[in-house]
Amino acid sequence: MIEVKDLVRQFTSGDRTIKPVNGVSFTLEAGSFASIVGKSGSGKSTLLSLLGALDKPSGGDVLVDGVSLASLSDAGRTAYRRKDIGFVFQQFNLVPNLSALENVMLPMEFAGVSRAARKARAQALLERVQLDAEKHGRKANRLSGGEQQRVAIARALANEPKLILADEPTGNLDEQTGEHIIALLSSLAREQGTTVLVVTHDRGLARMTERRFRLQQGRLEEEARTRS
Ligand SMILES: Nc1ncnc2c1ncn2[C@@H]1O[C@H](COP(=O)(O)OP(=O)(O)OP(=O)(O)O)[C@@H](O)[C@H]1O
C-alpha cells in the first residue's frame with residue numbers, strides 16, 4: 001500500500017518560488033490501477049519523481065508498505081528504486097542495441113540474479129506482455145513503438161516491484177496501440193496485485209483506470225472511482 005502524506009515540492013529560481021506539488025495526500029491499495037491527469041506543467045512528473053524516490057520532497061512523506069521514504073539513506077533510496085519501483089516512460093528508454101530479452105534481463109543483473117534465472121524470467125515476462133516469440137531476440141531499435149513499450153513494461157516488472165510508475169506511456173503510440181498498453185497495465189494490476197499509477201494527457205485512456213485523479217494548482221483531487 002502506498003500512502004502519500006501532505007507532500008510538497010517547491011522550486012525556487014531567483015526570487016520566484018513555485019509549488020507544483022503543494023499538500024498532496026492520497027492512498028493507493030495494493031493492486032490499484034490509477035491515473036493522474038492535469039495540464040502541461042501542473043506537476044505530474046514532479047509527483048511521480050517523488051513517489052519513485054528520484055527526487056526529494058520539500059515536505060511531507062511517502063510510506064510504502066509502512067516504510068517512510070523520508071527515513072531512507074541514499075543507499076536505501078537506490079535500493080527502493082531498483083526493487084520496489086518499475087518505471088515506464090513515454091520514450092521507452094530501452095538500450096537500443098540490446099535485444100528485447102537482454103533489455104528485460106538487465107535489471108535482474110543489477111539485482112544479482114543468475115544468468116539462467118534471468119533468461120527464463122525475461123522470457124516469461126515477454127510472453128506475459130505478449131511480445132511475439134520471434135521478436136525476443138530482436139534489437140530494441142528494430143521494434144515498433146508498441147512493441148518497445150511492451151518490452152519496457154516487461155523490464156519494469158523484472159524485479160517484481162510493488163509499484164509501477166508510468167509517465168505518459170502511450171504518448172508516442174497511436175490510439176489503438178495506446179489502448180492495448182493501458183489494457184495490459186490494467187491486467188497486471190488485477191492479476192499480479194502490482195499497483196499501477198499512470199500519468200496521461202489522454203482523458204479517454206484515463207477513463208480505463210479505476211481511480212482517476214487530477215493535479216491542479218498543486219493539489220490532487222479524485223475525480224472518479226470505479227473500484228475501492
Ligand atoms: N528541477 C526543476 N527546477 C525548477 N523547476 C522545475 C523543475 N522540475 C519541474 N519544474 C517546474 O515545475 C512545474 C511542473 O513540472 P512537471 O514537469 O512536473 O509538469 P507536468 O505536469 O509533468 O508537465 P507535462 O505534462 O508538460 O510533462 C513546471 O512549471 C516546471 O517548469
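1. Let's start with Asp 6, which sits in strand S1, residues 2-13 of this predicted model. Its phi is near 50°, a positive value in a residue other than glycine. That deserves a second look, because most residues other than glycine have a negative phi. Is Asp 6 buried or exposed? Asp 6 counts as exposed, because it has 12 C-beta neighbours inside 10 Å, and the cut-off for exposed is 12 or fewer.

2. Now try Asp 65, in the loop between strand S4 (59-64) and strand S5 (67-68). Phi of Asp 65 is positive too, near 45°. With 11 C-beta neighbours inside 10 Å, Asp 65 therefore counts as exposed.

3. Next, find the ligand. Around the ligand you will see Phe 11, Ile 18, Pro 20, Gly 38, Ser 40, Gly 41, Ser 42, Gly 43, Lys 44, Ser 45 and Thr 46. Two or more of these residues come from each of strand S2 (16-28) and helix H1 (44-51). Which element gives the most to this shell? H1 does, with three residues. By type, the shell has seven polar residues, three nonpolar and one charged.

4. Finally, look at how two helices pack. Helix H3 (residues 100-110) and helix H5 (residues 145-156) have axes 8 Å apart, at an angle of about 25°. The two helices are therefore roughly parallel to each other, since angles under 35 degrees count that way. H3 passes H5 in a right-handed crossing.

5. Which residues make this contact? From H3 come Ala 100, Asn 103, Val 104, Leu 106 and Pro 107, and they meet Val 151, Ala 154 and Arg 155 of H5. Six of the contact residues are nonpolar, one is polar and one is charged.

Key
Residues numbered from 1 in each chain as written. Predicted model: local features only at pLDDT ≥ 70, side-chain atom pairs only at ≥ 80, totals over all residues. Near = placed C-beta within 6 Å. Helix = DSSP H or I, 4+ residues; strand = E, 2+ residues; numbered from the N terminus. Nonpolar A, V, L, I, M, F, W, Y, C, P; charged D, E, K, R; others polar. Axes fitted to C-alpha atoms, helices over the stretch in contact; angles between N-to-C directions. Parallel < 35°, antiparallel > 145°, perpendicular 65-115°, else oblique. Left-handed = near helix turned anticlockwise from the far one by under 90°. Contact = placed C-beta atoms within 7 Å. Buried ≥ 20, exposed ≤ 12 C-beta atoms within 10 Å, placed from the backbone.
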